[in-house]
Amino acid sequence: MAGWDDDFDAAIAGPSFVDRARSAPEDDDFPVRDDFRGGRPDILPQELAEETPLQQLIRHWMNERHAPDILPGQELLLGRLLDHIRKQSSDVDLLRADPDSSEDEHFRIMLVQTEVERVKFVIRSYIRTRLHKIEKYARYISATPEMHEKLSKAELDHARRYSRLVEYHFNQSVLQSLPEQQRSLEENVAFMPPMTPEPDKLRPVFAHALQDCPPMRLPDGTMSEMQKGQISLVPYYVVEHLLLRGEVELV
């Protein structure tokens, strides 16, 4: 049976999942051609296949998990996927309630429900990863206008509220009992972690080139180029601009 994300634009491009489920063939995922003489049917090469919304989400999810900095949010993509999940769930409920549904159709429903749960897991993990970074760097985000563009309005509001709550908690529990010159959260002491943590862009990451990339400057001053398919271990700041342009992904 085709993957659930193949039906993403069903309302525009073709029949709904219910119609497809009722008329689905009984054979494997790959139909047997009339001239079949063995081997697998022709499959579109990966580099030519269009990336589905689910594949896009998984790529952004993995990038977010591996990047030390907060990446630009994917509100539009998440909204489309959530709308599609609601539509799929509604179609599944209608099909389950249909007394004329066969046993094979109920089996297909189980497969679709499994796919929907898998997508929900990826969405939840993606949002939790961003939330963890937002709370970790809340004070830095609130004080850095460049970071605001990467967050949605709800995320930015949460970062500001969380920053105020943490600062109030520190003042009430510790800082108000210290001498006045030691109460600031902005104080930076040499060889000590900063009071306001920032993303560590010096952290090494594994970058996988999705295409031939332009030259990049390494920490030792030399220039290097990544060819398509190459994986390199470099500090995050070296490939940050390539990641934002979609020329590499983190693995």
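**Notebook: helix pair, sheet and one buried tyrosine**

I began with two helices: the axes of α5 (residues 103-136) and α8 (residues 153-173) come within 9 Å and cross at roughly 40°. Axes here are lines fitted to C-alpha atoms, for helices over the stretch in contact, with angles from 0 to 180 degrees between N-to-C directions. Helices are DSSP runs of H or I with at least four residues, strands are runs of E with at least two, and both are numbered from the N terminus.

The model is predicted: local features need pLDDT of at least 70, side-chain atom pairs count only at pLDDT 80 or more, and totals for chains, interfaces and linings use all residues. Residues are numbered from 1 along each chain as its sequence is written, and side-chain values use heavy atoms, with hydrogens and water left out.

**Helix pair**

I classed the angle next. α5 and α8 are therefore oblique to each other (under 35 degrees is roughly parallel, over 145 roughly antiparallel, 65 to 115 roughly perpendicular, the rest oblique).

I then listed the contact (heavy atoms within 4.5 Å). α5 supplies Arg 130, Leu 131, Ile 134 and Glu 135, while α8 supplies Glu 155, His 158, Ala 159 and Tyr 162.

**Sheet**

I looked up the strand order. An open sheet of 3 strands runs β4-β1-β5, with antiparallel pairing (two strands pair if DSSP finds at least two bridges between them). β4 (231-235) and β5 (248-250) stand at the edges with a single partner strand each, so one side of each has no neighbour in the sheet. On average, neighbouring strands are turned by 40° against each other, direction ignored.

I checked one pairing in detail. β1 (residues 204-209) is joined to β5 by 3 bridges. His 208 has Glu 249 in β5 as its bridge partner.

Two helices lie across these strands. α3 (residues 53-66) lies across β1 and β5, at about 60° to β5. α9 (residues 236-244) lies across β1, β4 and β5, at about 120° to β4.

**Tyr 137**

Last, I looked up Tyr 137, in the loop between α5 and α6 (138-143). Is Tyr 137 buried or exposed? Tyr 137 is buried, with a relative accessible area of 7% (buried is under 20%, exposed over 50%, partly exposed in between, with a 1.4 Å probe and protein chains only).

Leaving aside neighbours within four places in sequence, Tyr 137 contacts Pro 68, Pro 197, Glu 198 and Pro 199. Its C-alpha atom is 7.6 Å from that of Thr 196, 59 residues apart along the chain.
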